[in-house]
Amino acid sequence: MSVSLLGDTAVVVTLAGEIGPELAGRVAALALALRSERHAGVVDVVPSFRTVTLVLAEESAHLQPEVATWARKVSATATVALASSPREVEIPVSYGGREGPDLAELAAAKGMSEAEVGALHSGDRKSTRLNS
């Protein structure tokens, strides 16, 4: 884990590890801990694949070194709370007609049938991790 200053009004916490579910859980736990602990100068906590960026208010720019120290402290104690289990959400989609007037054009450009385009798009599961 490293903590660095970004410009005049941000601090970035970078976590080590391969991007994947385990690292995503650690990033989410850290973002939650930083939001819960709160620092007066921080106006936003922004998680990404391996980092959490803390955005400071312009008037709090002088607190940047203090926020960096605070972020190190919180990072050292943040723990991953395992979710019960992932849930599957099915999203209904429509292809062609009013919902997809460009489907025929796309299929022709790719040398596929309209049904093949729909199957390609919806044929596998997508996963995401939502952090709030």
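Begin with Val52, which touches Val11, Val12, Val13, Val27, Leu30, Ala31, Leu34, Val45, Val46 and Pro47, when residues up to four places away in sequence are not counted; contact here means heavy atoms within 4.5 Å. Before going further, note that this is a predicted model, in which local features need pLDDT of at least 70 and side-chain atom pairs count only at pLDDT 80 or more, while totals for chains, interfaces and linings use all residues. Residues are numbered from 1 along each chain as its sequence is written, and side-chain values use heavy atoms, with hydrogens and water left out.

Val52 belongs to the largest nonpolar core, which has 21 residues, and together with Leu34, Leu54 and Val67 it touches the most other members. A nonpolar core is a set of buried Ala, Val, Leu, Ile, Met, Phe, Trp, Tyr and Cys residues joined through side-chain atoms within 4.5 Å, where buried means under 20% relative accessible area, exposed over 50%, and partly exposed in between, with a 1.4 Å probe and protein chains only. Two or more residues of this core come from each of strand 2 (10-14), helix 1 (21-37), strand 3 (42-47), strand 4 (51-56) and helix 2 (64-77), and helix 1 gives the largest share, 6 residues. In soluble globular proteins, nonpolar side chains tend to be buried together.

These elements are part of a protein with 4 helices and 4 strands, whose order from the N terminus on is β-β-α-β-β-α-α-α. Helices (H or I, at least four residues) and strands (E, at least two) are DSSP runs, numbered from the N terminus. Of the 132 residues in the protein, 31% are buried, and among the contacts with a separation of 6 or more, 52% are between residues 24 or more positions apart.

Ala31, in helix 1, counts as buried because its relative accessibility is 0%, and beyond its neighbours within four places in sequence it is in contact with Val45, Pro47 and Val52. Thr53, in strand 4, is buried with a relative accessible area of 17%, and it touches Leu6, Ala10, Val11, Val12, Asp44, Val45 and Val46, again not counting residues up to four places away in sequence.

Which residues of helix 2 are buried? They are Gln64, Val67, Ala68, Trp70, Ala71, Val74 and Ser75, and because they cover an arc of only 165 degrees around the axis, they lie on the same side of helix 2; the arc is that of the directions from the helix axis to the C-beta atoms. These buried residues pack against strand 1 (2-6), strand 2, helix 1, strand 3 and strand 4, whereas the face turned away from the buried side carries the exposed residues Pro65, Thr69, Lys73, Ala76 and Thr77.

Finally, turn to the loop between helix 1 and strand 3, where His39 is found. His39 counts as buried because its relative accessibility is 13%, and, leaving aside its neighbours within four places in sequence, it is in contact with Leu63, Glu66, Val67 and Trp70. With the side chain of Glu66, the side chain of His39 makes a polar contact (3.0 Å), that is, a pair of N or O atoms within 3.5 Å, of which, within protein, one must be able to donate a hydrogen and the other to accept it, and residues adjacent in sequence count only if both atoms are side-chain atoms.
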